[in-house]
Amino acid sequence: MTLYASLAETLGARIQQGFYRPGDRLPSVRALSLEHGVSLTTVQQAYRLLEENGLAAPRPKSGYFVPANRETPALPAITRTAPRPLEISQWEQVVELIRTVPRDDVVQLGRGMPDIGSPTLRPLLRSLSRISRRQDMRGLYYDSIYGTDALRQQIARLMLDSGCQLTASDLIVTTGCHEALSASLRALCGPGDIVALDSPSFHGVMQTLKGLNIKALELPTDPIQGISLPALEMALEQWPIKAIQLTPSCNNPLGYTMPEANKRALLQLAQRFDVAIIEDDVYGDLSYRYPRPRSIKSFDEDGRVLLCSSFSKTLAPGLRIGWIAPGRYLERVLHMKYISTGATATQPQMAIAEFIAGGHYEPHVRRMRGQYQRNRDQMIDWVMRYFPPGTRASDPQGGFMLWIELPESFDTLRLNRTLLTRGVQIAVGCIFSASGKYRNCLRMNYANKASAEIEQAVRTVGETIQELDEQ
């Protein structure tokens, strides 16, 4: 860890522990330089990192201050779920979301797209261009079905930040995180088996379960703590669950990060009942907290956790590069990959490996974390301003998705159809449930920099909600 990152971590811990309270002035650059025996530049870099993470705010000619507490709406209610395994529905609503071609006249608040316009991605574009011009044609060949060694080495290095001690041989590169999740489910389960999930849950996993004829057991989920461990324990005692699938860090769509103690307790439950855990960590590197949260995989000593992730949310989804650390299930997962896609495209793997090795990944992700956290605050402010009183919203701890809960009688399917005629698209809540729950909920993306166009789109959503509610 660099000197400035270490200093930022120390100051961040003091702020989060209440040593410095909202509105307090933080120590001057010169005072910190003397206290810690570091250069003024190191302190300035530490403050910039704290600013990007939302823990410090500069005031002209006054120094740095702890930001005042944000005003936020009430959180969504803890989910109530069916006490039995269910077959998946909602495919038609998912298709309605994913088949939409991006158009200039529609503001896309529904898709899971990061901001790909950052200048910190330019080195990646240069790598892609350079590789495509090479005369040896390596980028056009098949590589190992495990993925290129150079990329797996770099991924293993990145995963140290989540607490994982892995080598390149522990990893398989996949065509996005979606393939990693799908290969995991196919390696562990067969038709009629049961998978336990948090609820609401990522619609891609839901539809994979549907395609494999696997049943979902949705569990009550707190918007701050995550999946209910007592409910999970009762489910494991009652049903022959084959796997637990969840996104415990910067969850999609609720945005929570499960406390470390809960992650350990969940792993202990899985060990006690001899069940595998499929951990989706695709948003983990976008945590607003520094250092980023540890993964469940980092506590895994017997190889039962299959850690899945990708560069789709941190870099760009069009690269279609993900990975999986499948533990004891490596050979079964590798076979599932072989019979579905075979080797993953070589050229983007080479470019991403160059991008990371060149030291470009961490600055890019740090920049995006700061942008997404600022955008979260702005999006919540707009929701409070333009949505009806009583609207509930999540308080995401990372990523770029906001979950919104409206009165139980409201229909967001009808809302989305109306919004499309007004140049806005949202993600309807029912696609995040096995049974079509959350019809009164929606998910909105806040990745792109705040603008008058996005504010107007959010305003349109709020005004349309009020209009439909009055009819």
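This is a predicted model: local features need pLDDT of at least 70, side-chain atom pairs count only at pLDDT 80 or more; totals for chains, interfaces and linings use all residues.
Biologist: How many salt bridges does the structure hold?

Modeller: It holds 20 salt bridges. One of them joins R272 and E233, with the closest N and O atoms 2.8 Å apart.

Biologist: Which elements do R272 and E233 lie in?

Modeller: R272 is in helix α10 (residues 260–272) and E233 is in helix α9 (residues 229–238). The two are 39 residues apart in sequence, so the pair ties those parts together. E233 is partly exposed, at 27% relative accessible area.

Biologist: Take R376 and D395. Are they buried or exposed?

Modeller: Both R376 and D395 are buried. Their side chains form a salt bridge at 3.7 Å, N to O. This pair also links distant parts of the chain. R376 belongs to helix α13 (residues 361–386). D395 sits in the loop between β13 (392–393) and β14 (401–405), and the two residues are 19 apart.

Biologist: How are R459 and E463 placed in helix α15?

Modeller: They are 4 residues apart in helix α15 (residues 452–470), so about one helical turn separates them. R459 is partly exposed at 35% relative accessibility. E463 is partly exposed too, with a relative accessible area of 40%.

Biologist: Which residues do salt bridges with shared partners join into one network?

Modeller: D274, D302, R304 and R328.

Notes
Residues are numbered from 1 along each chain as its sequence is written. Side-chain values use heavy atoms; hydrogens and water are left out. A salt bridge is a side-chain nitrogen of Lys or Arg within 4 Å of a carboxyl oxygen of Asp or Glu. Buried means under 20% relative accessible area, exposed over 50%, partly exposed in between (1.4 Å probe, protein chains only).
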